[in-house]
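Keep the sequence and the model open side by side as you read.

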Amino acid sequence: MREKNITRRSAADLKQGKTDYRRLRRMTDREIADAARNDKDAARLDIDWSGADVVVPEAKQAISIRLDRDIIEFFKRTGRGYQTKINAVLRSYVQHERRGKG
């Protein structure tokens, strides 16, 4: 059985495009299906979405805001999505204040 030849790839390998396409092309459909079925990280296809609610996020509003340089640098050092993180911190503060005054 070919499963002995299947090696685990790290998320970093996948991001860098280190998928072994040559090995994949040699695999039969059945071998691929078996490998996917035994992969604990594979997406489940048997999820029942019939009771799911579709949630459309509220559109964000673009503004101009002046923040201290060290605050901006701190959030930028956290990587991509730093503006979203700033929004999450502000949302947390708003929720805290609402609970305290409710």
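Partly exposed means a relative accessible area between the buried limit, under 20%, and the exposed limit, over 50%. Phe-74 has 46% relative accessibility, so this residue counts as partly exposed. This is a predicted model. The protein has five helices and zero strands.

**Fold and confidence**

- Along the sequence, the pattern reads α-α-α-α-α.
- Mean pLDDT for the protein is 83.
- Of its residues, 81% reach a pLDDT of 70 or more.
- Confidence is lowest in helix α1, residues 11-15, where the mean is 56.
- Helix α4 has the highest confidence, at 97.

**Surface and burial**

- The protein has 102 residues, and buried residues make up 4% of them.
- The accessible surface of the protein is about 10400 Å².
- Carbon and sulfur atoms account for 52% of that surface.

**Nonpolar surface patch**

- Which residues form a nonpolar patch on the surface? They are Ile-63, Ile-65, Leu-67 and Ile-71.
- Together, these four residues have about 370 Å² of accessible area.
- Ile-65 sits in the loop between α3 (29-38) and α4 (69-77).
- Ile-65 has a relative accessible area of 53%, so Ile-65 is exposed.

**Salt bridges**

- Side chains of opposite charge can pair when their charged atoms come close.
- The cut-off here is a side-chain nitrogen of Lys or Arg within 4 Å of a carboxyl oxygen of Asp or Glu. The count by this rule is three salt bridges.
- One of them joins Arg-23 to Asp-20, with the closest N and O atoms 3.9 Å apart.
- Asp-20 is partly exposed, because its relative accessible area is 26%.
- Arg-30 and Asp-34 also meet through their side chains, at 3.8 Å from N to O.
- Arg-37 forms a salt bridge with Asp-34, and here the closest N and O atoms are 2.3 Å apart.

- Arg-30, Asp-34 and Arg-37 are linked in a network of salt bridges.
- Why are Arg-30 and Asp-34 separated by about one helical turn? Because they are four residues apart in helix α3.
- Arg-37 and Asp-34 also lie in helix α3, three residues apart, about one turn of the helix.
- Is Asp-34 buried or exposed? Asp-34 has a relative accessible area of 16%, so Asp-34 is buried.
- Arg-30 is exposed, with a relative accessible area of 65%.
- Arg-37 is exposed too, at 59%.

**Aromatic pair**

- The structure holds one aromatic pair.
- Phe-74 and Phe-75 have ring centres 5.3 Å apart and ring planes at 90°, so the pair is edge-to-face.
- The cut-off for edge-to-face is over 60 degrees between planes.
- Is Phe-75 buried or exposed? Phe-75 is buried, because its relative accessible area is 14%.
- Phe-74, in contrast, counts as partly exposed.

Conventions
Residues are numbered from 1 along each chain as its sequence is written. This is a predicted model: local features need pLDDT of at least 70, side-chain atom pairs count only at pLDDT 80 or more; totals for chains, interfaces and linings use all residues. Side-chain values use heavy atoms; hydrogens and water are left out. Patches are made of residues with over 30% relative accessible area and no salt bridge: like charges are joined within 9 Å, nonpolar side chains (Val, Leu, Ile, Met, Phe, Trp, Tyr) within 5 Å. Accessible areas come from the Shrake-Rupley method with a 1.4 Å probe; for residues, only the protein chains shown count as cover. Helices (H or I, at least four residues) and strands (E, at least two) are DSSP runs, numbered from the N terminus. Buried means under 20% relative accessible area, exposed over 50%, partly exposed in between (1.4 Å probe, protein chains only). pLDDT is the predictor's confidence in each residue, from 0 to 100. Rings of Phe, Tyr and Trp (its six-membered ring) pair if their centres lie within 6.5 Å; planes under 30 degrees apart count as stacked, over 60 as edge-to-face and the rest as tilted.
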